[in-house]
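Here are a few friendly notes to read alongside the model.

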There are 2 protein chains.
Amino acid sequence: MTTPEEHRAAIEARINEWCASVPNDSLHTPMAYLMRLPAKRVRPVATLMACELAGGPASSAMDAAIGIEIFHNFTLMHDDVMDASPTRRGQPTVHARWNANTAILSGDAMMVKAYECLMTDQRWLPVFNRYALAVCEGQAQDMAFEARHDVSAAEYMEMIRLKTAVLLSCALELGAISGGADEQGRRGLALFGERLGLAFQLRDDHIDAFGDPAVSGKQRGGDLRAGKKTWLLIRGLELERGRGEGLLAAELGRSMVARDVGAMIECLTALGARDESEALIQSMEREAIEQLDALPFPTERKAALHALASSLMGRKA
Amino acid sequence: MTTPEEHRAAIEARINEWCASVPNDSLHTPMAYLMRLPAKRVRPVATLMACELAGGPASSAMDAAIGIEIFHNFTLMHDDVMDASPTRRGQPTVHARWNANTAILSGDAMMVKAYECLMTDQRWLPVFNRYALAVCEGQAQDMAFEARHDVSAAEYMEMIRLKTAVLLSCALELGAISGGADEQGRRGLALFGERLGLAFQLRDDHIDAFGDPAVSGKQRGGDLRAGKKTWLLIRGLELERGRGEGLLAAELGRSMVARDVGAMIECLTALGARDESEALIQSMEREAIEQLDALPFPTERKAALHALASSLMGRKA
């Protein structure tokens, strides 16, 4: 079996080849710029692992893996325009470094390039296309939520499932198809990816409020200060409304600088939102592992995906 | 043989079905809005005609035809954002009616929906993908030209070939493939489309300066007043520089309201740019017809594409 590090090195090598192969012009240079920024490559590595798990050589899933990573980076390029984000992975976003039109057009061409990779195996496209549309739906919901004040915790979960988790499902399912998995194997791996992706995103939000800044590298409560509607905050507000109190709502009504983030964090704990969040994350992680364990493949082959899951889950709150 | 009107009616019916089939949400409603605006449907009609010419039933090319029309409308949605255009086909553009983010995201999802249609026949995608990238390259060149003052007439031709003409090539080639044409038939139809597309765009620019406003429905010289770099203006500036005169350049240096468009039109005629433009358009049209006539299909089957070409070429300057 290939180690996770070997998979990752293979992905990096192919991405470097890909970046070197595109012309140096206004359409392609921003693609290569974004693709070369240091990243974990979770999705393409997951594709190769799923392929090996299902019994195939990782090489048969390589084009799917690269196609998904290109598609993922295309969504980042356009999301950054829509969110007007100045930085990505510590570097200027494409629209900040060039301009919004360049980011729109280069992103469009990047989607075409993703399909170029995904055409290698005709079994991939119908599956990929369904997931690609779901990712767009997730981003649409995310944008719609910004204008709403009544988003429920359940709606938020569905939004991050579509926007974030399904692309990991897709990565795993395309790997499973490449490796020759049957319908049960494909579905199990897709569900494993979805639960893992959800746990990852929820954990990310949780760490922002309750994590150790020395470990996470982020300022504690940055999301709360920005008023970002995470599951944690939405659930906190729901619980608060039920009790008739209003510290969270009151703090959100203040300006960002005046906001008492420490008090909000204490309030989330007191309301029980912290415990609920932790329990939710753990149940997602448990469901992910159960899916993996239940798959009809030899146990020893599951080590790589177990390691991947652990690396995503192991971050400490 | 199917008449052009029957092809068009079939396309409209399928577009209406498609628009009715998408959910009524922020992602899909703008797609249906744009697709429903009255349009000539030149590309999808050309696909069906090419299929019948090659000996296939038009129905076998229908998904390709719709996919290309969806892709074309996706490019319009994003181009309108990039150009900040307020109207399209006499109606507000998607970003004007909703907002830029909606236009970006709905356009992205529209590309996914185009691929959904284009997956029906696995012979289509590799061909389509090459053309789709070329369309992006054309738009990139168009944007790059805005910042340059030394674009040559030859560079402009290559830009409109990519941005405008190749999608008509693509429409015809996918039709040819669906109808079972061999390599020669595919290439001939693609080249017919490219020449026809170039002639159409050049004619459009020509009519703006020299056409009868009563026929074209446009104000004469609108492009010149806006300082739009058409082939005509670029070639006029080239000729003017060769002669050491400078009326065109001087008028372009003035503000739009102060610009003497009538004098610019006279100048283009005096410089010989009008005659060159007319000759160029006619040579493109001739080459298109020669390609069509040379195709190894029964002459009587070519009537539909001859009629399509005539309708595009017949507009009077």
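**Notes on the predicted model**

1. To find Glu155(B), look in helix α8 of chain B, which covers residues 153–178. Between the C-alpha atoms of Glu155(B) and Ala132(B) there are 20 Å, and the two residues are 23 apart along the chain.

2. Next, the overall build of chain A. Its secondary structure comprises 16 helices and 2 strands. Along the principal axes, the C-alpha atoms of chain A fill a box of roughly 55 × 50 × 35 Å. Does the radius of gyration of chain A agree or disagree with that of a compact globule? It agrees: chain A has 20 Å, and a compact globule with 317 residues would have a value near 20 Å.

3. Two further figures describe the inside of chain A. Of its 317 residues, 50% are buried. If you take the contacts in chain A between residues at least 6 apart in sequence, 73% of them join residues at least 24 apart.

4. Now to the meeting of the two chains. In chain B, 28 residues are in contact with 28 residues of chain A. Which elements of chain B give two or more residues to the side that touches chain A? They are α4 (62–82), α6 (100–118) and α7 (124–146) of chain B. The largest share comes from α7(B), with 11 residues. Sorted by class, this side of chain B has 18 nonpolar, 6 polar and 4 charged residues.

5. Although Arg41(A) is not a glycine, it has a positive phi of about 60°. Arg41(A) sits in the loop between α2 (29–36) and α3 (42–53) of chain A. Is Arg41(A) buried or exposed? Arg41(A) counts as buried, with 20 C-beta neighbours inside 10 Å.

6. The phi of Arg41(B) is positive, near 60°, in a residue other than glycine. Arg41(B) lies in the loop between α2 (29–36) and α3 (42–53) of chain B. With 20 C-beta neighbours inside 10 Å, Arg41(B) counts as buried.

7. Last, have a look at helix α14 of chain B, residues 261–271. The buried residues of α14(B) are Met264(B), Cys267(B), Leu268(B) and Leu271(B). Seen down the axis of α14(B), these buried residues fall within an arc of 100°, so they line one face of the helix. In general, an α-helix has 3.6 residues a turn, so residues three or four places apart point the same way. The buried residues of α14(B) pack against α9 (183–210), α11 (222–226), α12 (231–243), α13 (247–253) and α15 (273–294) of chain B. After α14(B) comes Gly272(B), with a positive phi near 95°.

Definitions and conventions. Residues are numbered from 1 along each chain as its sequence is written. Chains are lettered from A and ligands numbered from 1 in the order in which they are written. This is a predicted model: local features need pLDDT of at least 70, side-chain atom pairs count only at pLDDT 80 or more; totals for chains, interfaces and linings use all residues. Two residues are in contact if their C-beta atoms, placed from the backbone, lie within 7 Å. Helices (H or I, at least four residues) and strands (E, at least two) are DSSP runs, numbered from the N terminus. Ala, Val, Leu, Ile, Met, Phe, Trp, Tyr, Cys and Pro count as nonpolar, Asp, Glu, Lys and Arg as charged, and the others, Gly among them, as polar. A residue is buried if 20 or more other C-beta atoms lie within 10 Å of its own, exposed if 12 or fewer, and partly exposed in between; C-beta atoms are placed from the backbone. The radius of gyration is taken over C-alpha atoms; the globule rule is 2.2 Å times the number of residues to the power 0.38. The arc is that of the directions from the helix axis to the C-beta atoms.
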